[in-house]
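Morning, everyone. I have one chain to walk through, and I'll keep it brisk. Please look at the sequence and the model first.

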Amino acid sequence: MKFHHIGIVCDARFLKKIKLHNKINCTFIDKFQKNKLLFYLNEKNKVLYEFIFPLNKLSTTFNFLNKNGPAVHHYGFEVENINKVMKIYKNKKDYVFINSYSAKIACLGGKIKTCFFYYKKNIVEFIEIKR
């Protein structure tokens, strides 16, 4: 398991403030969670940022943005076997399963499988990438 990205829920005003419009590596519309995702790789520190924009009130992050404003939403970790990880963490005390889905996101290397867990006031995403 290795650190993969930081997920930040935000709105268009936030993106303008940090002036990243010309530096976004790719955009993905997440129909499952009803979010627009913008990915930015900071070349200086090699950290991948996932900027998450709720598309509507049914978005999984709509209430988070209204309650907290732009803020860190989750931390992503790349794993080799998502099914094994889900089985382990579903049985761990203090980890609450949120959801899981698959998608094809070219800038992340291809098809991904992902799952989210709530853990001690944080959301953790595990992601398997099929390159």
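Start with a definition: the radius of gyration here is taken over C-alpha atoms, and the globule rule is 2.2 Å times the number of residues to the power 0.38. Keep in mind that this is a predicted model. What does the rule say for this chain of 131 residues? A compact globule would have a radius of gyration near 14 Å, and the chain has 14 Å, so the two agree. Along the principal axes, the C-alpha atoms fill a box of roughly 40 × 35 × 25 Å.

Now the overall layout. There are 3 helices and 8 strands. From the N terminus the order is β-α-β-β-β-α-β-α-β-β-β. Take the contacts with a separation of 6 or more: 52% of them join residues 24 or more positions apart. Buried residues are 47% of the 131. The exposed surface comes to about 8300 Å², with 53% of that supplied by carbon and sulfur atoms.

Next, the hairpin. Strand S6, residues 95–105, pairs with strand S7, residues 110–119. The sense is antiparallel, over 10 bridges. Serine 100 sits opposite cysteine 115 of S7. Between S6 and S7 there are 4 residues.

On to the core. Nonpolar side chains tend to be buried together in soluble globular proteins. In this model the largest nonpolar core has 17 residues. Phe28, Phe39, Ala103, Ile105, Leu108 and Ile112 have the most contacts inside it. Which elements give two or more residues to this core? They are S2 (26–30), S3 (35–42), S4 (47–54), S6, S7 and S8 (122–130). Look at isoleucine 105 in particular. Beyond its neighbours within four places in sequence, isoleucine 105 contacts Phe28, Phe39, Gly110 and Ile112.

Histidine 4 next. Histidine 4 belongs to strand S1, residues 2–9. Is histidine 4 buried or exposed? Its relative accessibility is 13%, so histidine 4 counts as buried; the cut-off for buried is under 20%. Not counting residues up to four places away in sequence, histidine 4 touches Leu48, Gly76, Phe77, Glu78, Leu108, Ile127 and Ile129. Leu108 is also among the residues with the most contacts inside the core. The side chain of histidine 4 also makes a polar contact with the side chain of histidine 5, at 2.8 Å.

Now backbone angles. Most residues other than glycine have a negative phi. Lysine 46 has a positive phi of about 60 degrees. That residue is placed in the loop between S3 and S4. At 57% relative accessibility, lysine 46 is exposed. Lysine 120 has a positive phi too, of about 45 degrees. Lysine 120 is in the loop between S7 and S8, and is exposed at 52%.

Last stop: asparagine 81. Where is asparagine 81? In the loop between strand S5 (71–78) and helix H3 (82–90). With a relative accessible area of 37%, asparagine 81 is partly exposed. The side chain of asparagine 81 reaches the backbone nitrogen of lysine 84 at 3.0 Å. Asparagine 81 and phenylalanine 126 are 45 residues apart in sequence, yet 9.5 Å apart in space, C-alpha to C-alpha.

That's the tour. Questions, please.

How values were computed: Residues numbered from 1 in each chain as written. Predicted model: local features only at pLDDT ≥ 70, side-chain atom pairs only at ≥ 80, totals over all residues. Heavy atoms only, no water. Pairing = 2+ DSSP bridges. Core = buried A, V, L, I, M, F, W, Y, C linked by side-chain atoms within 4.5 Å. Buried < 20%, exposed > 50% of the residue type's maximum accessible area, 1.4 Å probe, protein only. Contact = heavy atoms within 4.5 Å. Polar contact = N/O pair within 3.5 Å; in protein donor to acceptor, adjacent residues only side chain to side chain. Areas by Shrake-Rupley, 256 points an atom, 1.4 Å probe, with all protein chains shown as cover.
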